[in-house]
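This report walks through one protein model, feature by feature. Please look over the sequence and the structure before reading on.

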Amino acid sequence: MLPASPQLRLVTGTVCALTALSVSLSLPFFSPAGEFCKVNLCHSGGTCVTREGKPPFVCICPEGFGGETCDTTEAGPCNPNPCKNKGTCEAVSHSRRGDVFSEYTCKCPKGFEGTHCQISLHDCDGHPCDNGGVCQKVDGDYSCLCPSPYVGRRCQRRCVSLLGMEKGGIAESQISASSVYYGMLGLQRWGPELARLNNKGIVNAWTAATYDKSPWIEVNLQRKMRLTGIVTQGASRMGTAEYVKAFKVASSLDGRTYAMYRRAGQGQDELFVGNVDNDGIKTNLFDPPVVAQYLRVLPVICRIACTLRMELVGCELNVCSCSSAMSVALSAVRFTVCLNTAGCSEPLGMKSRLISDRQITASSAFRTWGIEAFTWHPHYARLDKQGKTNAWTAASNDRSEWLQVDLETPKHITGIITQGAKDFGVVQFVSAFKVAYSDDGRSWTAVKDEKTKADKVFRGNSENNAHKKNVFEPSIWARFVRVIPWTWHERITLRIELLGCDE
């Protein structure tokens with residue numbers, strides 16, 4: 001910083017007492033005399049100031065320029081401008097934004113998007129489609145035809161969430177079949193509710209009855225979903241390997257009218273290749289994907305018996321996103337902005353620990369027998385966490401208790417998966433809960449029931465280990481999320497995962 005006492009004579013002739021400058025200069029002394037700045041010797045809008053010594057003047061350069069006469073561009077993330085199509089480059093501060101991983105961001109003019117404003121929203125010239133998507137011009141705009149399992153406006157998201165057969169997010173009541181096999185003189189029931197990938201036990205899969213010549217097993221997803229694949233597995237009964245070697249797939253929106261799966265341009269039903277042993281896993285992708293509420297698997301060729309364990313792969317369809325930043329009031333009418341959030345159902349980081357311990361807080365934490373080592377901390381509330389103390393438990397069974405996650409930046413939150421736990425053999429879980437969200441962690445909004453407009457009470461778990469998935473329709477746009485237990489078994493105990501995406 002320059003001393004305050006010297007005075008500088010600017011090119012305009014005005015005398016200015018400097019107390020601070022935005023640039024740092026090492027100058028011995030400035031003189032009010034001199035004729036060098038009668039004509040501005042500085043380029044790029046720089047200010048000429050006379051001084052004693054050599055050179056007899058100095059240029060104070062505007063931001064982005066340097067050199068003795070401001071004729072060179074300063075090095076920096078925005079020089080030269082990395083943004084295309086007249087985008088404006090903005091350097092990121094040293095504090096760094098949590099959602100930006102470079103030293104700058106580009107503010108794009110209308111009609112362009114992308115990291116460097118390189119994607120035109122009006123045509124296919126900018127090759128806007130990612131992951132092998134095919135761009136198609138549509139009335140002055142474009143759309144991307146995405147290969148499975150990619151979705152989104154630019155095929156930028158993967159629709160590959162496991163939908164809940166293995167972990168219990170799909171309830172037993174949602175799984176049905178054409179028939180059931182009874183073994184060991186009728187003592188063993190190989191029912192459809194057992195058809196969960198990697199299910200363990202002596203009786204651990206669905207098997208069709210021996211008399212059933214057209215067997216099927218069906219999953220009711222309870223709402224329309226985008227399905228991009230299926231994972232299948234056989235099982236072993238009395239030491240004998242049984243599995244489905246080939247199968248077909250049918251789907252329905254209403255549970256009454258079904259369509260057999262066929263690939264584009266195919267004149268016959270697709271025959272999927274199944275398993276070759278009882279325990280190996282076989283994955284088949286649906287390309288194009290299936291949009292349905294009901295998915296039915298029809299075994300065609302089976303070894304010994306039609307025995308199956310499986311998982312479904314896919315994601316939510318488009319949902320409306322509503323928040324204070326996304327709704328506008330016009331003539332007293334409230335409009336909700338609907339965004340393309342297909343595929344926006346990825347885990348946000350509770351289980352993977354992308355969400356750090358410090359981002360997870362709670363109203364209180366319970367200690368078993370009052371022992372510090374057996375504290376059920378809020379950051380233990382991670383889906384599928386293992387150990388003696390492997391969940392969050394509130395200090396009291398009260399509706400004022402809460403578990404909070406700070407995502408650090410606002411995100412689309414489209415759903416939540418909940419799970420209970422055991423405390424030294426005692427089964428504990430939350431059977432119903434509310435959800436609130438906030439932009440600042442101080443002012444909270446409860447998720448509402450779309451029909452009643454009252455605070456929505458979500459159905460929770462019915463045991464300690466199964467996953468229970470709930471979808472937010474419309475989705476939430478927020479930084480902070482709070483889970484408020486409403487009813488529970490034994491003690492308030494939670495393990496969770498939040499679902500959504502950044503965009």
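## Cys 59 and its surroundings

Cys 59 is in contact (heavy atoms within 4.5 Å) with Leu 41, Cys 42, Thr 47, Glu 68, Thr 69 and Cys 70, leaving aside its neighbours within four places in sequence. Cys 59 lies in strand E4, residues 57-60. Strands (E, at least two residues) and helices (H or I, at least four) are DSSP runs, numbered from the N terminus. Cys 59 is buried, at 6% relative accessible area. Buried means under 20% relative accessible area, exposed over 50%, and partly exposed in between, with a 1.4 Å probe and protein chains only. From Cys 59 to Cys 70 the C-alpha distance is 6.8 Å, across 11 residues of sequence.

## Basis of the model

The model is predicted: local features need pLDDT of at least 70, side-chain atom pairs count only at pLDDT 80 or more, and totals for chains, interfaces and linings use all residues. Residues are numbered from 1 along each chain as its sequence is written, and side-chain values use heavy atoms, with hydrogens and water left out.

## Disulfides

How many disulfides does the structure hold? There are 6. A disulfide here is a pair of cysteine sulfur atoms within 2.5 Å.

Cys 129 sits in the loop between strand E10 (119-120) and strand E11 (134-138), and Cys 144 in strand E12 (residues 141-145), so the pair ties together parts that are 15 residues apart in sequence. Both Cys 129 and Cys 144 are buried.

Cys 159 and Cys 315 are both buried.

Is the link of Cys 302 and Cys 306 left-handed or right-handed? The link is right-handed, with 95 degrees about the S-S bond. Cys 302 is partly exposed, at 25% relative accessible area. Cys 306 is buried, at 15%.

## Nonpolar cores

A nonpolar core is a set of buried Ala, Val, Leu, Ile, Met, Phe, Trp, Tyr and Cys residues joined through side-chain atoms within 4.5 Å. The largest has 28 residues. Which of them touch the most other members? They are Trp 392, Leu 403, Ile 413, Val 435, Ile 476 and Ile 496. Five strands each supply at least two residues of this core: E31 (360-362), E33 (403-419), E35 (426-438), E38 (468-489) and E39 (493-501).

Leu 403 has contacts beyond four places in sequence that include Ile 360, Ala 362, Trp 392, Val 481, Val 483, Leu 494 and Ile 496. A second, separate core has 27 residues, among them Val 219, Ala 292, Leu 295 and Leu 308.

## Second largest pocket

This pocket holds about 670 Å³ of space. A pocket is an open set of points on a 1 Å grid over the protein atoms alone where a 1.4 Å probe fits, with protein on both sides within 12 Å along at least five of seven lines; lining residues have an atom within 4 Å of a point. Grid points are joined across faces, edges and corners, and the volume is the space filled by probe spheres set on them.

The lining has 30 residues. Lys 167, Glu 463, Asn 465, Ala 466 and His 467 lie nearest the centre. By class, 4 lining residues are nonpolar, 15 polar and 11 charged. Nonpolar covers Ala, Val, Leu, Ile, Met, Phe, Trp, Tyr, Cys and Pro; charged covers Asp, Glu, Lys and Arg; the others, Gly among them, are polar.

## Backbone details

A cis peptide bond joins Ser 148 to Pro 149, with omega about 10 degrees. Pro 149 is in the loop between E12 and strand E13 (150-151). Another cis peptide bond joins Asp 287 to Pro 288, with omega about 15 degrees. Pro 288 is in strand E25, residues 282-303.

Lys 86, not a glycine, has a positive phi near 65 degrees. Lys 86 is in the loop between strand E6 (72-73) and strand E7 (88-91), and is exposed at 82% relative accessible area. Met 238 also has a positive phi, about 55 degrees. Met 238 is in the loop between strand E21 (235-237) and strand E22 (240-252), and is exposed at 66%.
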